[in-house]
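Reader: Hi, I've got a structure open and I'd like to talk it through with you. Can we go piece by piece?
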Amino acid sequence: MKIFDIIHNIYIQDKIGLLYNRHIGGNNVLDNEKIVSFAGKKLLRLMSLLVVVCFVSFMLIQYSPIDPVRAYIGEMTVSAEHKVMLEEYWGVNTPPQEKFLNWAGNILKGDFGVSLIYRIPVIDVIKERSAASFTLMAVSWLISGILGFTLGIIAGIKKGTWIDRAIKTYCYTLAATPTFWLALVLLMVFSVYLGWFPIGLGVPIGVTAGNVTLFDKVQHLILPAVTLSLLGVAQIAMFTREKLIEVMSSDYVLFAKARGEKELDLVLRHGIRNVALPAITLQFLGFSELFGGAVLVEQVFSYPGIGQAAVAAGLRSDVPLLLGIVIISALFVFFGNLIADIIYEFVDPRIKQQEATL
Amino acid sequence: MRSKAKICTEENKKTEALLKVKDLSLSFIQYASGLRQTELKVISDLSIEAYSGKILAVVGSSGSGKSLLAHAILGILPSNAILNGRIEYDGKELTQEKKEEIRGKEIALVPQSTTYLDPLMRVSNQVIGCVEKENEGLMKKVQREIFQKYDLKPNVERMFPHELSGGMTRRVLVSTAVISSAKLVIADEPTPGLDEKTLNETLNYFKDMANKGCAVIIITHDIEAALKISDKIAVFYAGTVLEVANVEDFKNNGENLRHPYTRALWNALPQNKFQAIKGHQPMQDEVTDGCIFYERCSKKNVLCSKGIPQFKDVNGGVVRCNNVS
């Protein structure tokens, strides 16, 4: 997990560096042509990514000590001949390459198989779980983005003062805090001792689905969302701070100062304008961390989201569900990166207009 | 009686310098190894005067701290800078508060390159700058007039800095000073790497400003460009001004030039003798007791190594040299 984080961070830094420091040579591409070639390239990338992800995760599961028959039977007792039939059904003795081709063929047809633990089609599990997770992730993504950006701007303006140090300390502490630990602490303080929020789950226990109110859902969402947001703040706040300090020591801010603009004008007119785009890009690149965080947070709060389903699928050897979630999460992260790329290629006027005018 | 007195002071004002810089020193605090602080002196005992309607060129080689002079006058030095000496503007001392009050209004800076423009802000917004909402319309009109005068097409308004050509950037930067209706304009290296035509154009903008009564200070390393339009030339060397000469002094072979360094500079030009002198400018951390040019001077004597020579008025200019009378 840690190694993955490190690699991911290097990737992000590399990307940000590429985005904002790379010298843009003039090339004579018209806007439309550019969009087509951009889309083509991304589509190709998506295809190859999915092929690799499918193949690697399938093979990992294939060679792990998972027995699908055992997983399917669970605690039930079955006769020997029944077991043979099940083995036949799950294809235990089919060669792996054939199994992979069968599975991949079904995936292409849109058939993800049936979940072993929920006994319903994988695609339905994912749909239902994603809806809950989507709310959770969207809320915390927005809160962490806005809060992190604001804190970063404040720390950048007040560089070197106690406010800056307090924000920095907060960020470093958070960056070093394991997600599940923070979730447990919040759960203990706010749910167990103070009793402000429910202990877990997405809806109250013992209430029929029709009687669950929006208030119930929001109440169950708050703690997981807060945990996830608090953790997401650190990276974006530190990045915004650094970037703002860099912008505020630039030539153009010096010149604006020489023209009589005051401190606050400088931040509002030039600081935020130049920090916003890279910060938003970074926030989109953080989709993978968001997903990873959601897995842990949902587990601690027993929140019925896709992350919890992933853990359950892993622990209880639900291969079809696990593979389905792997594909969905790969798509999710790819989508985040894609938006970041689109912002860079089509929103930043330095690149957009450069090519339009040439 | 009273009106006469008033006229007198008005006349006095005309001959008085708008900006007087006296014995200005600028140093930076640096942390050397450990916690030891060292002071790095970049400008020492510098004195210049700028008059309304005249152009003063401050000429010196690159990297000698000339830009910092502009920053010192505008009060935009970094926080670790220590400024000593006296700056007077319009007869009154120019304190940091006063600088913050009048910069952008009465004193304008024309910066040297496109990096001084916000890369993500449209050009017209930058030229207009930070104004109150109700004045925006008026300023927009003024900006359009200025752009028209400088032959900047209407579509330039909505461009971003990276879309401007070198010449356009120049004109946009100059516009920022013109729109402020400043009385004192300080141009920092306004002619870097410009072709002959653009160079002359740019210089004319400054000539125009001076003709309209502005005091203009041009900070440059390009002595030829400076000679084309300036009234006076201040020769900047290793953080100080060695001589302030009139433009006429550079005529002929420069016999009227007072300081040995100014002559050396003049002789080093390709169209003159193309002759360089040995040595280099003393580094900022080298401490010299005597004349700062002592090491390289051809006329040095014992006196020159002891104490910095005082300014002397010679032939309508001033010079810091013991051997001139």
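Reader: Okay, for contacts in chain A with a separation of 6 or more, what share comes from residues 24 or more positions apart?
Author: Those residues account for 74% of such contacts. Two residues are in contact if their C-beta atoms, placed from the backbone, lie within 7 Å. Before we go on, this is a predicted model: local features need pLDDT of at least 70, side-chain atom pairs count only at pLDDT 80 or more, and totals for chains, interfaces and linings use all residues. Residues are numbered from 1 along each chain as its sequence is written, while chains are lettered from A and ligands numbered from 1 in the order in which they are written.

Reader: Got it. How many helices and strands does chain A have?
Author: Chain A has 15 helices and zero strands. Both kinds of element are DSSP runs, numbered from the N terminus: helices are H or I with at least four residues, strands are E with at least two.

Reader: And what percentage of chain A is buried?
Author: Of its 358 residues, 32% are buried. Buried means that 20 or more other C-beta atoms lie within 10 Å of a residue's own; with 12 or fewer it is exposed, and in between it is partly exposed, with C-beta atoms placed from the backbone.

Reader: At what angle do H6(A) and H9(A) pack?
Author: Helix H6 (residues 122-157) of chain A packs against H9(A) at about 35°, and their axes are 5 Å apart. Axes here are lines fitted to C-alpha atoms, for helices over the stretch in contact, and angles run from 0 to 180 degrees between N-to-C directions. The residues of that contact are 21 nonpolar, 10 polar and one charged. In this count Ala, Val, Leu, Ile, Met, Phe, Trp, Tyr, Cys and Pro are nonpolar, Asp, Glu, Lys and Arg are charged, and the others, Gly among them, are polar.

Reader: Switching topic: how many residues of chain B are in contact with chain A?
Author: 20 residues of chain B are in contact with 19 residues of chain A. The chain B side has 11 nonpolar, five polar and four charged residues.

Reader: What's in the largest nonpolar core?
Author: That core has 150 residues, and Val58(B), Leu184(B), Val185(B), Val216(B), Ala234(B) and Val235(B) touch the most other members. Helix H9 (residues 214-248) of chain A gives the most to this core, with 14 residues. A nonpolar core is a set of buried Ala, Val, Leu, Ile, Met, Phe, Trp, Tyr and Cys residues joined through C-beta atoms within 7 Å.

Reader: Now the sheets. In what order do the eight strands of the open sheet in chain B come?
Author: The order is S6-S7-S8-S3-S9-S10-S12-S11 (chain B), with mixed pairing. Strands S6 (107-110) and S11 (312-314) of chain B are at the edges, each pairing on one side only. Two strands pair if DSSP finds at least two bridges between them.

Reader: Which strands pair with S8(B), and how?
Author: Strand S3 (residues 55-59) of chain B pairs with S8(B) in the parallel sense over five bridges, and Ala57(B) stands opposite Ile218(B). Five bridges also join strand S7 (residues 184-188) of chain B to S8(B), again running parallel. There, Val185(B) stands opposite Val216(B).

Reader: Why is S8(B) largely enclosed?
Author: Six of the six residues of strand S8 (residues 215-220) of chain B are buried, so the rest of the structure largely encloses this strand. Ala215(B), Ile217(B) and Ile219(B) point one way, while Val216(B), Ile218(B) and Thr220(B) point the other way. In a regular strand the side chains alternate between the two faces of the sheet.

Reader: What does Thr220(B) touch?
Author: Leaving out residues up to four places away in sequence, Thr220(B) touches Ala57(B), Val59(B), Glu189(B), Thr191(B), Ala225(B) and Ala226(B). Thr220(B) has 24 C-beta neighbours inside 10 Å, so it counts as buried.

Reader: And the four-strand sheet, what's its order?
Author: That open sheet runs S2-S1-S4-S5 (chain B), with antiparallel pairing. Strand S1 (residues 19-31) of chain B pairs with strand S4 (residues 81-89) of chain B over eight bridges, and Lys20(B) stands opposite Glu88(B).

Reader: Last one: where does H2(B) lie?
Author: Helix H2 (residues 66-74) of chain B lies across S1, S2 and S4 of chain B, at about 80° to S2(B). Eight of the nine residues of H2(B) are buried, so the rest of the structure largely encloses this helix. Just after H2(B), Gly75(B) takes a positive phi of about 70°.
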